[in-house]
Amino acid sequence: MATLTNAPALRRKARRERLRTLGFLSPWLVGFTVFFGYPLVATVYFSFMHYNQIQAPTFVGLRNWRYVLEQMPLFGPALWNTLWLVVVMVALRVVFGLGIGLLVTKVKSGVGFFRTAFYLPYLAPPVAATVAFVFLLNPGTGPVNDILGSIGIHAPNWFNDPAWAKPSLVLLSLWGIGDLMVIFMAALLDVPKEQYEAADLDGAGAFHKFRYVTWPSITPIVMFAVVTGVVQTMQYYTQALVAGKLASGVSVGPGSVIQPGYPDHSTLTVPQLVYSLGFQNFNTGAACVLSLVLFAIAMAVTTLLMRRRAGLLSADD
């Protein structure tokens with residue numbers, strides 16, 4: 001009888017706890033709905049519509065999807081460039097960031113100077129950093145080619161050569177490696193020193209200490225760097241667009257429309273194509289299809305990396 005008598009009170013208590021929990025979750029729920037849920041649903045909706053941002057949208061079925069996947073000539077190059085940058089740029093940034101982090105943590109004196117020197121380029125705004133880098137690598141007036149020529153090395157055309165444009169963007173990303181350096185430095189300094197001392201007593205060399213002591217401790221941080229790098233590179237837009245426009249030498253004035261991807265669409269990425277379709281050609285439906293394709297690829301790659309056996313984490317972590 002006591003249990004039956006207290007049942008309404010228990011239900012009211014449980015209801016209050018649920019309401020309290022929802023109250024604490026409400027900022028996240030509102031932010032998720034406004035900035036992710038609604039845009040995703042709207043993107044799916046407009047992908048089946050013909051919408052020029054002026055007239056009311058009209059349903060066209062799979063016409064936008066067929067146009068993007070079968071008829072759009074630049075979809076293949078843009079997707080290839082994006083995936084190339086994801087594989088090469090993310091891998092090299094992780095390797096270089098970890099290498100510089102290891103180097104700085106081993107320096108006995110001047111740690112603050114080296115840490116500042118490597119981190120400062122990351123603080124430069126993306127547009128300013130790209131402008132400076134294109135100037136440095138200018139094949140006609142840039143100092144880099146002058147220095148290489150003075151020592152007898154035939155310098156490439158960098159951003160003006162389709163074969164070197166994407167590697168030049170990778171060099172630009174490695175120049176601003178300070179963010180990963182700081183993250184890896186924090187992880188390396190957090191490795192227990194007792195494990196290094198035990199490895200020294202066992203006669204382990206530098207490679208074996210890194211393989212069996214350092215690497216297992218920093219693997220979650222490497223995983224974080226890879227996943228966030230993939231997501232960021234999938235959205236690669238500003239640096240490629242600015243570098244292509246500057247290298248082309250075309251003056252940009254009011255009302256001018258310049259097709260991205262110079263030279264020969266070698267720096268064209270999917271986000272650039274989305275912007276060109278949606279805001280220059282007012283083909284919102286096709287732009288939404290490209291956004292969903294990019295979202296699906298990013299989710300698939302991230303899910304693959306997050307799996308314990310397919311990603312970087314071992315099954316025991």
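**Close-up 1. Q53, a partly exposed residue in a loop.** With 34% relative accessibility, Q53 counts as partly exposed, a label for values between the cut-offs for buried (under 20% relative accessible area) and exposed (over 50%), computed with a 1.4 Å probe on protein chains only. You will find Q53 in the loop between β1 and β2 (58-59); strands here are DSSP runs of E with at least two residues, helices are runs of H or I with at least four, and both are numbered from the N terminus. The phi of Q53 is positive, about 70°, although Q53 is not a glycine. Most residues other than glycine have a negative phi, and most peptide bonds are trans. A word on the source of these views: this is a predicted model, in which local features need pLDDT of at least 70 and side-chain atom pairs count only at pLDDT 80 or more, while totals for chains, interfaces and linings use all residues. Residues are numbered from 1 along each chain as its sequence is written, and side-chain values use heavy atoms, with hydrogens and water left out.

**Close-up 2. A56, an exposed residue in the loop between β1 and β2.** A56 also has its place in the loop between β1 and β2. A relative accessibility of 62% is why A56 counts as exposed. Setting aside residues up to four places away in sequence, A56 touches H50 and Y51; contact means heavy atoms within 4.5 Å. Now look for V86: 30 residues separate A56 and V86 along the chain, and their C-alpha atoms are separated by 37 Å.

Close-up 3. S47 lies in the loop between α1 (2-46) and β1 (49-50), and counts as buried because its relative accessibility is 0%. Which residues is S47 in contact with, leaving aside its neighbours within four places in sequence? They are G61, N64, W65, G285, C288, V289 and L292. I177 sits in the loop between α7 and α8 (178-189), and its 2% relative accessibility is why I177 counts as buried. Leaving aside neighbours within four places in sequence, I177 is in contact with R93, F96, G97 and I100. The C-alpha atoms of I177 and P121 are separated by 7.8 Å, with the two residues 56 apart along the chain.

Close-up 4. Helix α7 (residues 162-175) has 14 residues and reaches 21 Å from its first C-alpha to its last. That is close to the 20 Å expected at 1.5 Å a residue, where the expected span is 1.5 Å times one less than the number of residues. Its buried residues are A165, K166, S168, L169, V170, L172, S173 and L174, and what covers them includes α3 (75-106), α5 (126-136) and α11 (238-248). α3 and α7 pack at an angle of about 35°, with their axes 10 Å apart. Axes are lines fitted to C-alpha atoms, for helices over the stretch in contact, and angles run from 0 to 180 degrees between N-to-C directions. The contact is made by N81, W84, L85, V88, M89, L92, R93 and F96 of α3 and K166, P167, L169, V170, S173 and L174 of α7.

**Close-up 5. α8 and α10, side by side.** How far apart are the axes of α8 and α10, and at what angle do these helices pack? Their axes are 9 Å apart, and the angle is about 150°. α8 and α10 are therefore roughly antiparallel to each other; that name is for angles over 145 degrees, while those under 35 count as roughly parallel, 65 to 115 as roughly perpendicular and the rest as oblique. The contact is made by L180, I183, F184, A187 and L188 of α8 and T214, I218, I221, V222, F224 and A225 of α10.

**Close-up 6. α9 meets α10.** The axes of helix α9 (residues 193-201) and helix α10 (residues 206-234) come within 10 Å and cross at roughly 165°. These two helices are therefore roughly antiparallel to each other. On the α9 side, Q195, Y196, A199 and D200 meet K209, V213, T214 and S217 in α10.

Close-up 7. The peptide bond from Y262 to P263 is cis, with omega near 0°. P263 lies in the loop between α11 and α12 (270-280), and H265 lies in the loop between α11 and α12 too. Phi of H265 is near 60°, a positive value in a residue other than glycine.
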